[in-house]
Amino acid sequence: MRGAKSAKWVAIAAVVALSATACGGGSSDSGNDSKAAIDPNGKFSIEVGEPQNPLQPANTMESNGSIVTKALFTGLVDYDASGKIVMMNAQSVDSKDNKTFTVKLKPGWKFHDGTPVTAESYVKAWNWAAVPANKQTNSFWFSDIKGYSDVAPEKGKPKATEMSGLKVVDDNTFTITLNNELPYFVYKLGYEVFSPLPESFYKDPKAAGEKPVGNGPYKFVSWNHKKSIEVARYDDYQGPNKAKNGGVVFKNYTNLETAYEDLKSGNVDVLRQLAPKDLPVYKTDLGDRAVDQSYSAIQSIAVAYYTKQWKNIDPKVIQGLSMAIDRNTITKTVLQGTREPATGWVAKGVLGYQPNAAGDVTTYNPTKAKALIKEGGGVPGNKISIQFNADGGHKEWVEAVCNSITKAVGVACTGDSKADFQADLNARDAHEVKSLYRSGWVLDYPFIANFIRDLFGTHSDGNQGGFSSKEIDTLIAKADSAPSLEESEKLYQQVEKELPNYMPSIPLWYYKVNAGYSEKVSGVKYAQDGDPILTGVQVKK
């Protein structure tokens, strides 16, 4: 949905931004941050939705769950605003060949139950998450590690319960051996799927997902399903990002309009995004508490290739539908200029981003759109639907996209609304999407592979639409085996330029954070993944 550290499905109609710059405030904000005005033990609230799954680090691939797990768990590395790797629980991650990595932990870290964080805490957690019987949605993230195919084979029974590529050396040291060289592997380690787990987790993993014990800046307090989740500052936290507040209440909202009204009346303190209807007025309403910031995420329309409608479809048909969407008009009117039309599949701010990677398939051209659809054999049934979650502020733009398509090429188009993000994701997981679906993706790590391999690789967890291409898989494998990060980046850029010939999805626009915060808090900043940096928020007395 996986701070600047986790890629994931995006629930809301927002976008991802490239730096953790201040989001409003100005000169008046510095006065609010004075020690006399701040309650270091004060708690604040933030708008979220119900997480799809239990709060297990390897079982979260959406933004409502990941914002909570990131508060509770800290992994080996993170990234700064420029995408540079920052050591967190790791003292060092070294490799001479991009295949075998030696991880040394900073000593003295503890889980919230007081037990030590050791090398075994990582190795055992990763092995557990890789086992298919444990049904972790992000298990494929461990597939680079040697022995994963023995633990989670594509066919047949598992040959092992532990990956041979993971070895504990001592309490604070372990090694990771990959199947092949992977020049960007250290970047991947910033995703929360690679978090450690305490021994208590394995006694009852299901219960641990309801009451997680982590090693992060906050410790779990309570989860009142579909109402709120509460966490409190962990005072013994050893990381560099200690909380400047006493804790966070994640308040559940089923629509963004209600959340905004609550913000204005002081019933919630921080928003992650606004509904389209509030975009024209929020800057006037909130003044210097209004946020308008880019971040590294992209909105797309994904194709359910497993359906009868799209199975064996000629990519020209998808190209034509893409060219029937007037992105410029929709972003300027319905989305009030808060989005930027996408020209490729990789979000801005990510290492490897390149402009105009999609060529002309994201350019509005009704004449060419009609011709392409006709050349490709037409849209089966001459009608489509776009699935979306009703709690994310998507209804207006989905309707606008449908109207654009119908007007341009005569294909009937309707929105297929699901009650909330959880229901939307469950339908995707169960392969129940009828035609197309809204797909928002925010970086898990700031490298181009996260937007290509992790979404369009045949076996990738993020590939929920069933897209599969041997040619693209081969090109991805070539990019992964490059001798350097720079060479891998160049090869992935070539892969992206091939995607218009396959159309794994239809890019729409790059996200922005358009949000705000209450008068009760200060120091509110947003990270590269678009989430507020919770630990930096200060609560006024």
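View 1. In helix α7, which spans residues 256-264, the buried residues are Leu256, Ala259, Tyr260, Asp262 and Leu263, where buried means under 20% relative accessible area, as against over 50% for exposed and the range in between for partly exposed, with a 1.4 Å probe and protein chains only. Because these residues cover an arc of only 160° around the axis, they lie on the same side of α7; the arc is taken from the directions that lead from the helix axis to the C-beta atoms. An α-helix has 3.6 residues a turn, so residues three or four places apart point the same way. The cover over the buried residues of α7 includes β3, β12 (247-252), α8 (282-286) and β18 (505-516). Helices (H or I, at least four residues) and strands (E, at least two) are DSSP runs, numbered from the N terminus.

The model is a predicted one, in which local features need pLDDT of at least 70 and side-chain atom pairs count only at pLDDT 80 or more, whereas totals for chains, interfaces and linings use all residues. Residues are numbered from 1 along each chain as its sequence is written, and side-chain values use heavy atoms, with hydrogens and water left out.

View 2. At the N-terminal end, α7 is capped by Asn255, which has a side-chain oxygen 3.2 Å from the backbone nitrogen of Glu257. Just after α7 comes Gly266, with a positive phi of about 85°.

**View 3. Glu47 in strand β3.** Glu47 belongs to strand β3, residues 43-48, and is buried, with a relative accessible area of 2%. Its side chain reaches the backbone nitrogen of Arg272 at 2.9 Å; a polar contact is a pair of N or O atoms within 3.5 Å, of which, within protein, one must be able to donate a hydrogen and the other to accept it, while residues adjacent in sequence count only if both atoms are side-chain atoms. When residues up to four places away in sequence are not counted, Glu47 touches Lys251, Tyr253, Leu256, Ala259, Val268, Val270, Leu271, Arg272 and Gln273, contact meaning heavy atoms within 4.5 Å.

**View 4. The open sheet that contains β3.** Four strands in the order β3-β12-β11-β10 make up an open sheet with mixed pairing, and its edge strands, β3 and β10 (218-224), each pair on one side only. The twist from one strand to the next averages 20°. Two strands are taken to pair if DSSP finds at least two bridges between them; β3 and β12 do so in the parallel sense over six bridges, and Phe44 stands opposite Val248 in β12. Helix α2 (residues 63-72) lies across β3, β10, β11 (228-233) and β12, and runs at about 140° to β10. Axes are lines fitted to C-alpha atoms, for helices over the stretch in contact, and angles run from 0 to 180 degrees between N-to-C directions.

View 5. An open sheet of four strands has the order β6-β7-β9-β8, with antiparallel pairing, and β6 (90-95) and β8 (166-170) are the edge strands, each pairing on one side only. Helix α3 (residues 119-130) packs on this sheet, where it touches β7 (100-105), β8 and β9, and its direction makes about 165° with that of β8. Four bridges join β8 to strand β9 (residues 173-177) in the antiparallel sense, and Val168 has Phe174 in β9 as its bridge partner.

**View 6. Strand β15 and its partner β16.** Strand β15 (residues 383-389) is largely enclosed by the rest of the structure, because six of its seven residues are buried. It runs parallel to strand β16 (residues 412-418), to which seven bridges join it, and Lys383 stands opposite Ala412 in β16.

**View 7. Asn514 in strand β18.** Asn514 is placed in strand β18 and is buried, with a relative accessible area of 0%. The side chain of Asn514 makes a polar contact of 3.0 Å with the side chain of Tyr282 and another, also given as 3.0 Å, with the side chain of Arg339. Beyond its neighbours within four places in sequence, Asn514 is in contact with residues that include Gln273, Leu274, Val291 and Asp292.
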